[in-house]
Amino acid sequence: MEVQQFYYDNKIVKKFLYASVFFGVVGMAVGLLLALMFIFPNMTDNISWLSFGRLRPLHTNAVIFAFVGNAIFGGVYYSLQRLLKTRMYSDVLSNINFWGWQLIIVAAAITLPLGYTSSKEYAELEWPIDIAIAVVWVVFGINMIMTIIKRRERHLYVAIWFYLATFVTVAVLHIFNNIELPVNMLKSYSVYAGVQDALVQWWYGHNAVAFFLTTPFLGLMYYYLPKIANRPVYSYRLSIIHFWSLIFLYIWAGPHHLLYSALPEWAQNLGVVFSVMLIAPSWGGMINGLLTLRGAWDKVRTEPVLKFFVVAITGYGMATFEGPLLSFKNVNAIAHYTDWIVAHVHVGALAWNGFMTFAIVYWLLPRIAKTQLYSKKLANFHFWIGTLGIVLYTIPLYVAGFSQHMMWKQFNPDGTLKYGNFLETVTAIMPMYAMRAVGGTLYVIGVFVLVYNIYKTMKGAARVEDELAEAPSLARISPSRIRGERFHAWLERKPVQLTLLATVAILIGGIVQIVPTIVVDSNIQTISSVKPYTPLELEGRDLYIREGCVNCHSQMVRPFRSEVERYGEYSKSGEYVYDHPFLWGSKRTGPDLHRLGAKYSDNWHFNHMYDPQSTSPGSIMPGYKWLYENKPMDYSETAAKMRVMQKLGVPYTDEEIAEAAQAVKAQSQKIEDNLKNDPDFVKSYEASRKAALEKGESFVPMSEREITALIAYLQRLGTDIKVKEEK
Amino acid sequence: MLKFIKHNMETITGIEIYPVIALLIFFIFFSALIIWVFTYRKEALNELSRLPLEQEEEEHRNTNILKP
């Protein structure tokens with residue numbers, strides 16, 4: 001057999017890992033800033049693009065898609081070439097993958113702080129960026145599959161199966177969750193409404209965790225851990241079972257994010273059953289990883305890279321134990337909307353994804369630069385300060401989560417809520433938020449140590465060059481060899497068939513859950529009193545989306561005595577039929593807002609949005625002063641927005657659309673009139689009018705400013721069925 | 001608990017067959033998986049699990065070749 005010489009592309013690996021570290025620093029620094037905002041809510045007062053609601057999606061997107069995403073690409077490009085004994089199929093595609101992905105990240109870093117968001121968690125980016133993501137992702141897939149096709153190694157190692165499943169599933173999820181109708185280049189509405197949008201979103205959201213944060217990293221674990229420990233994986237059989245059962249079960253589990261919500265009960269139960277079953281493959285994989293180190297535990301003592309691996313895999317085990325636990329309905333009733341969930345995802349992100357990325361960076365970069373790590377001591381320091389950071393981050397939030405649960409649900413003997421004021425439940429956990437910020441700081445310090453260590457390592461090293469390798473070409477198998485070949489051997493050398501089978505495995509769950517909810521009408525009740533938003537409310541809702549209110553406020557009152565007592569009548573699926581997109585939220589840093597409408601006066605909202613501490617002392621909500629600026633709200637697209645809504649099935653008549661401007665004017669004038677009931681408002685309003693005129697500026701009446709539209713929306717919330725049902 | 005599920009599903013025609021299909025899908029899936037992994041030849045598995053390590057051995061060979 002002819003032995004061929006070729007070069008492994010190491011430069012692309014280096015680029016991706018550098019990008020991962022760089023965006024890791026950025027994403028985690030933003031996270032730290034957000035953690036500090038819990039303690040100092042007004043630290044970025046009056047700077048709209050540094051407000052919590054806009055930065056939180058930036059943090060999650062930066063960490064998931066920039067830090068972890070680049071680490072995945074780097075890790076895959078290195079291991080794929082070696083497992084297949086060939087260079088990547090195309091350098092051009094590799095570079096399109098790299099530069100395209102970085103461009104998307106930069107686009108996200110610009111648009112999110114400016115408030116361009118679709119508001120669906122981990123899928124906030126607007127539609128042109130979504131399309132770019134799909135294109136770059138497909139480029140990655142083509143590059144990977146073509147590399148597999150021209151390989152020099154007959155069999156596909158299990159890590160590659162995980163990579164293939166990642167590619168296919170993320171593509172499916174991303175496309176179906178982001179089907180939107182655009183209003184303009186930077187604004188679109190989800191084609192799904194309310195319950196359906198929620199189901200599709202959490203089918204996506206959960207599986208983004210599964211197939212972006214888990215399966216590619218499992219693939220990396222199956223390659224790098226044996227490689228670094230220099231022993232084969234504990235059980236290859238187990239890894240096969242791990243792969244197929246994991247991808248088959250994971251895709252069904254999404255509805256556990258929507259327990260006790262207005263989602264049809266059968267879909268909720270299905271989600272629970274599959275989430276609980278998931279413990280088996282997850283722990284199988286974790287055990288397989290840890291036992292790979294059998295007989296090598298002495299190396300763990302001296303080798304920081306292996307230490308990172310052990311904590312990463314342990315973190316995976318903890319997070320995947322917690323996941324099924326959290327999806328039990330009674331546990332979920334406790335944990336949902338609390339900081340427990342934040343702790344849970346950070347065990348996954350900081351330990352599993354973070355530590356494994358660090359391990360790969362520490363091991364891989366010196367290796368491709370043909371040098372040694374600058375300082376093992378510093379790497380050890382990073383390990384310990386990072387681990388301490390994880391502990392100090394998560395434990396306070398577990399405590400906070402339980403405190404929230406207990407305080408939210410505690411009743412007095414006379415049947416009233418013990419902590420009727422939501423604020424009490426916030427101020428009680430402030431020390432926990434402070435400790436979380438300390439934990440986060442330690443973790444970020446660790447990352448800075450890594451940056452220094454890697455800088456010193458790479459500075460003194462040789463330039464990273466492509467690496468010469470040789471391997472025999474892959475001969476066609478003679479028919480006599482295939483005779484008697486078993487199914488697995490056949491499948492494992494057929495990448496296309498393997499990919500198709502994996503696709504079938506993931507599609508079954510998606511189809512069974514999502515299709516009936518969208519097709520079967522009886523799953524969502526229709527309520528005759530539920531009407532579409534007025535043009536002004538629709539515009540106000542878009543402000544609510546722009547400012548990211550959904551990051552801290554839910555709009556879903558669950559059918560519990562404590563919640564009905566606190567917020568009002570529990571939410572019905574039929575109330576959301578015109579909500580494109582849904583805004584149920586997933587966290588209650590502040591109270592639920594679904595029954596907010598008509599609860600307070602317009603003046604209360606006016607004062608509260610300007611300076612939350614003035615109406616609610618001790619509140620950790622930031623002010624939204626830019627909504628009050630002396631400039632008119634942009635209503636130029638109202639009709640276009642309504643027309644898009646009309647296309648999506650919201651029953652706006654053509655007249656309503658034609659008269660949108662008048663409707664806006666009438667409703668906003670009414671709000672301004674209401675505001676004038678407050679003598680304080682009249683006084684300061686007149687004073688600012690005078691000030692503006694003296695300066696020679698034109699004065700925009702309050703009714704034409706953004707805050708008025710927002711108040712209109714807030715006052716509408718949940719009122720469609722409210723009036724009659726209250727005593 | 002089942003009454004909630006049933007209520008929502010009554011409108012689907014031929015619903016009775018669904019649990020049977022579900023059971024079959026799962027039974028076949030996991031049986032096939034078990035059969036798959038346990039009919040593997042031990043040597044083949046060992047060979048496969050050494051795939052990430054092979055490189056190591058080759059690299060050593062390469063560096064030895066390159067050394068003058």
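Select α2 (52-84) of chain A and helix α4 (residues 127-149) of chain A: their crossing is left-handed, meaning that the near helix is turned anticlockwise from the far one by less than a right angle. Helices here are DSSP runs of H or I with at least four residues, strands are E runs of at least two, and both are numbered from the N terminus. This is a predicted model, where local features need pLDDT of at least 70, side-chain atom pairs count only at pLDDT 80 or more, and totals for chains, interfaces and linings use all residues. Residues are numbered from 1 along each chain as its sequence is written, with chains lettered from A and ligands numbered from 1 in the order written.

The axes of α2(A) and α4(A) come within 10 Å and cross at roughly 15° (lines fitted to C-alpha atoms over the stretch in contact, with angles from 0 to 180 degrees between N-to-C directions). That makes the pair roughly parallel, the term for angles under 35 degrees.

Now show F73(A), L80(A) and L84(A) on α2(A), then F140(A), M144(A), T147(A) and I148(A) on α4(A): these make the contact (C-beta atoms, placed from the backbone, within 7 Å).

Next, colour domain 1 (9-473) and domain 2 (535-725) of chain A, bounds that come from an automatic or database domain assignment. Their C-alpha centres lie 34 Å apart. At their interface, 43 residues of domain 1 of chain A are in contact with 47 of domain 2 of chain A. Go back to α2(A): this helix gives the most to the domain 1 side, with 5 residues.

Terms used: Contact = placed C-beta atoms within 7 Å. Parallel < 35°, antiparallel > 145°, perpendicular 65-115°, else oblique.
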